[in-house]
Structures are given as C-alpha cells and as structure tokens.
Amino acid sequence: MPRTTSGSGTADRTDVTVLIRQCRSWSSRPLRRTARTTGVLLGASLLLAGCSVAGGGDPEETSTAAPGESGPAAADATTTAEPELAAACQQFWGDPDYTAPLSRVVLDRAATAPEAGPSDPFFYATTGDEVETTFAEAPADAQAAATDLADWFRSEPERGPDADLDAFAAAWDGVAGACADSSLAATWALGPGEDGTKPAALTCADVFDTPGTLTHFANANVLTSNMFKLVGRAPRTVPADRMEDVQDTADLLSTEIAAVDDEAVREALIQVRAPFQDALDGDTWSEGLQDPLTELSTACDAAGYAAPELGETDGGEPAEDSEGLV
C-alpha cells in the first residue's frame, strides 16, 4: 500500500537563483549507478518559460496530459495496463513523443541537488509533490514507487554532497519497474533491450534532451553538451586526461547505435561516434561534432523527433585558440 506522506505543495518558497541555474543547466545539457512574494513567483515562472528549447522542450514543463487522461503509451508499448497507470506513466516518461516529460525534470533536479539542494530544499521537495501527483490515480504499487522517489526529493537534497545518490537510482528504477508494462521509455531505463528495437524518437531524446544524471558523466548536462567537452563542437584536440570518458562515451554511443530501430539515425550516430573512436585509436585531433550532429538532427526530424538547434545545447563551449586547445 502506498505510504501517506505530507507533501510540500503548500510551501511558499521558490529560490529564483536555483531556478535560473536550472535554466542555464538545461540549455546546455547521470548520478552513477518556494516563493517569497507573488512577484517572485511570477518572475520565476517567466524565467522557466524562457528556457524552452526547440527539441524535447523545457525540462521544467511536464507533459500536457493530466494524470487522469488516457494517452497512447499503452498502445505504443502493446500493454494491457490499467488506463490510470498508462496515463501516469505516459506523463512521467513521455511516450511516444518524449517531449518534455516529468522524468527529465526529475533527472535534472537530482543531478543538481548535491550542490544546490541545501540552499533551498523546498524547491526540490516540490519535485516530489509533482511525482506523487502524477501517480495519484495509479494502482497502489505504482503509487508506492512514486512515493519512494518523492521522498528522496524531500529528504536528500538538503544533505548536499552527502545526498544518497544510490538511493535515488534505486527509487528511479522502482518507478521504471512500475511502468515497464506501460512505457517503452521505462523499459529502456531499466536496461538495454533487443538490438534494433529502441524507438528512434526515444534515442534522439536521450542524445539531445535528457540530462546525463545516470550516465558516466554524472551531471545535469545533456549528452551533446558533455560530448563537446571531449571532442568539441568545432575542431579541437581531445583532452589527453579525459580518455576514460572518451571510452565510456564511445561505449554509450555504441549501445545506442545497436539499439535504435531507424537506419538513418543509426548511420548518423556512427558518424557522431567516429571522433571518439579515432581518439581511442591514437588520433586525438577532432574535426568536431557540428556536422555529425547536424546529420543526426536531420535524421531525428525525419523520424518524428524535433531535435534542438545545436546552439541550444552547446552549453557555452569554452573558446578555443587557433590550435584547437582550450
């Protein structure tokens, strides 16, 4: 049975500084494995509204479907799940379009919690309220999983660097497990599936728009932004002290290449992986990812996922000199 907890929805503090940081973090974009006055609230809302991107959208905006509405997630995952569960899982995971789901907000805030959590724990606690509200009409076991995740946001961010990130990962997996029969995104969150069966839109969302909270980067940036720090958006030399990250990123891309169900997206991802593979083979000069990611964006658009412009995901890549060195 779901546990009864007191939510933080009545909290009246939202730290605008934290909200600004969320915007800055997202527009660039993996833990390993509220308002003082009405004017402040309005300002925070405007700040968040200004964060939206052309692809997966603003991570601070959840799915437009209400928890009680039916959606295409059940049919998309070929499931017989209860409608209430399917609707909640669709809102959380974003199937089948993967446009601004609550799961991205959860990943983003979990990644920033160890640093920013102690400054305004109420801001993070509201994420827990959002999670519980999303699953309020779902079956009891899904509500219990959602409450576990919600409780993490109510207790751990205020601990800062001591926040239990393993507990977050476990709670995340719990929600994924509750939704595995209703959401393809939840299924893939639990682990790789059969090669050639991952929806292209989900693959594109994971590359362009999903915070890398649960990958080897362990930060709130999206994969494209993290890759720019290694092989550049423009030509540069791959940092010699980042070869472990280069290897891990090449492996991550290889997994996506094998998984995706769209040939054009697969071929574009191979080109994105190329500078990482070259660096591992000893050629540390990279021509950058501008062209490969443009090709990937085109392939994602054709597959039905509106990828953001690269300028919206570069995260303010450090300036490089004429030799390509930062």
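These are my notebook entries on a predicted protein model.

**Overall make-up**

I began with the secondary structure and found 14 helices and two strands. The protein has 326 residues, and 51% of them are buried. I then looked up the accessible surface, which comes to about 13700 Å². Carbon and sulfur atoms account for 51% of that surface.

**Loop between α4 and α5**

The peptide bond from Asp-95 to Pro-96 is cis, with omega at about -5 degrees. Tyr-98 is in this loop as well. Its phi is positive, near 60 degrees, and Tyr-98 is not a glycine. I noted Ala-100 in the loop between α4 and α5 too. Ala-100 has a phi of about 55 degrees, again positive without being glycine. I flagged these because most residues other than glycine have a negative phi, and most peptide bonds are trans.

**Disulfides**

I found two disulfides in the structure. One joins Cys-89 to Cys-179, with 2.0 Å from S to S. Cys-89 is in helix α4 and Cys-179 in helix α8 (residues 165–179), so this pair links distant parts of the chain, 90 residues apart. The torsion about the S-S bond of Cys-89 and Cys-179 is about -85 degrees, so I logged the disulfide as left-handed. Both Cys-89 and Cys-179 are buried.

The other disulfide joins Cys-204 to Cys-300, and here the S to S distance is 2.0 Å. This pair also links distant parts of the chain: Cys-204 sits in helix α10 (residues 200–208) and Cys-300 in helix α14 (residues 290–302), 96 residues apart. Which hand does the disulfide of Cys-204 and Cys-300 have? The torsion about its S-S bond is about -90 degrees, so it is left-handed. Cys-204 counts as buried at 1% relative accessibility, and Cys-300 is buried with a relative accessible area of 0%.

**Salt bridges**

The structure holds nine salt bridges, and I looked up some of them. Asp-129 and Arg-154 meet through their side chains at 2.9 Å, N to O. They link distant parts of the chain, with Asp-129 in helix α6 and Arg-154 in helix α7, 25 residues apart. Arg-154 also forms a salt bridge with Glu-132, where the closest N and O atoms are 2.8 Å apart. Glu-132 lies in α6 and Arg-154 in α7, so this pair ties together parts 22 residues apart in sequence.

I checked the cover on these side chains. Asp-129 is buried, at 11% relative accessible area. Arg-154 counts as buried at 18%, and Glu-132 is buried with 18% as well. Asp-129, Glu-132, Asp-151 and Arg-154 are linked in a network of salt bridges.

In another entry, Lys-198 and Glu-256 form a salt bridge at 2.9 Å, N to O. Lys-198 is in the loop between α9 (184–190) and α10, and Glu-256 is in helix α12 (residues 243–259); the two are 58 residues apart. Both of these residues are buried.

**Helix α11**

How many of the nine residues of α11 are buried? I found eight, so described because each is under 20% relative accessible area. The helix spans residues 223–231 and is mostly covered. Among its buried residues are Leu-223, Asn-226, Met-227, Phe-228 and Val-231. Just after α11, Gly-232 takes a positive phi of about 80 degrees.

I noted a patch of negative charge on the surface, where Glu-82, Glu-84, Glu-137 and Asp-141 gather. Glu-137 is in the loop between α6 (121–134) and α7 (140–155). It counts as exposed because its relative accessibility is 53%, over the 50% cut-off.

Glu-287 is exposed, with a relative accessible area of 55%. Where Glu-287 and Pro-235 are concerned, 52 residues separate them in sequence, but their C-alpha atoms are 4.2 Å apart.

How values were computed. Residues are numbered from 1 along each chain as its sequence is written. This is a predicted model: local features need pLDDT of at least 70, side-chain atom pairs count only at pLDDT 80 or more; totals for chains, interfaces and linings use all residues. Side-chain values use heavy atoms; hydrogens and water are left out. Helices (H or I, at least four residues) and strands (E, at least two) are DSSP runs, numbered from the N terminus. Buried means under 20% relative accessible area, exposed over 50%, partly exposed in between (1.4 Å probe, protein chains only). Accessible areas come from the Shrake-Rupley method with a 1.4 Å probe; for residues, only the protein chains shown count as cover. Patches are made of residues with over 30% relative accessible area and no salt bridge: like charges are joined within 9 Å, nonpolar side chains (Val, Leu, Ile, Met, Phe, Trp, Tyr) within 5 Å. A salt bridge is a side-chain nitrogen of Lys or Arg within 4 Å of a carboxyl oxygen of Asp or Glu. Lys and Arg count as positive and Asp and Glu as negative; His and the chain ends are not counted. The place of a charge is taken as NZ of Lys, CZ of Arg, CG of Asp or CD of Glu. A disulfide is a pair of cysteine sulfur atoms within 2.5 Å.
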